Amino acid sequence: MTVTPFAPGHVLSNEPGFYEEGQFGIRIESVVCVTPVTTRRSFGDRRWLGFERFTTVPIQTRMVDWALLSAEECEWLEAHNRRCKDKLGPALKAVGDKRALRYLARQ
């Protein structure tokens, strides 16, 4: 088997999930792109990589138990949904999709 290390420009999916056996499951699927990142500390000449999220679908927050998230995770979720609203809002307004705009506003 050949292993190819991540490199800038690679695209993949990130699919974290939770499943309660015999009950239910939930998964948030996102498409991400590998990007170079700058770190707070220097690690010599080693290049560090991160992920840029391509998926622009807001995450439904009504079922989120915010008490289980760290402050950083809450911040990320709110920022992601704001980004989705900023990117999708103008297009939805242009086509007059009031239902989708209401959904965006609730997230």
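Arg106 sits in helix α2, residues 98-106, and is exposed at 55% relative accessibility. Here buried means under 20%, exposed over 50%, and partly exposed in between, using a 1.4 Å probe and protein chains only.

A quick word on the source: this is a predicted model, where local features need pLDDT of at least 70, side-chain atom pairs count only at pLDDT 80 or more, and totals for chains, interfaces and linings use all residues. Residues are numbered from 1 along each chain as its sequence is written, and side-chain values use heavy atoms, leaving out hydrogens and water.

Now, where does Arg27 find its salt bridge partners? A salt bridge is a side-chain nitrogen of Lys or Arg within 4 Å of a carboxyl oxygen of Asp or Glu, and the count here is two. Arg27 pairs with Glu15, their closest N and O atoms 3.6 Å apart. Arg27 is in strand β3 and Glu15 in the loop between β1 (11-14) and β2, so this pair ties together parts twelve residues apart in sequence. Arg27 also pairs with Glu29, at 3.1 Å between the closest N and O atoms. Together, Glu15, Arg27 and Glu29 form a salt-bridge network. Arg27 is partly exposed at 43%, as is Glu29 at 45%. Thanks, everyone!

Terms used: Helix = DSSP H or I, 4+ residues; strand = E, 2+ residues; numbered from the N terminus.
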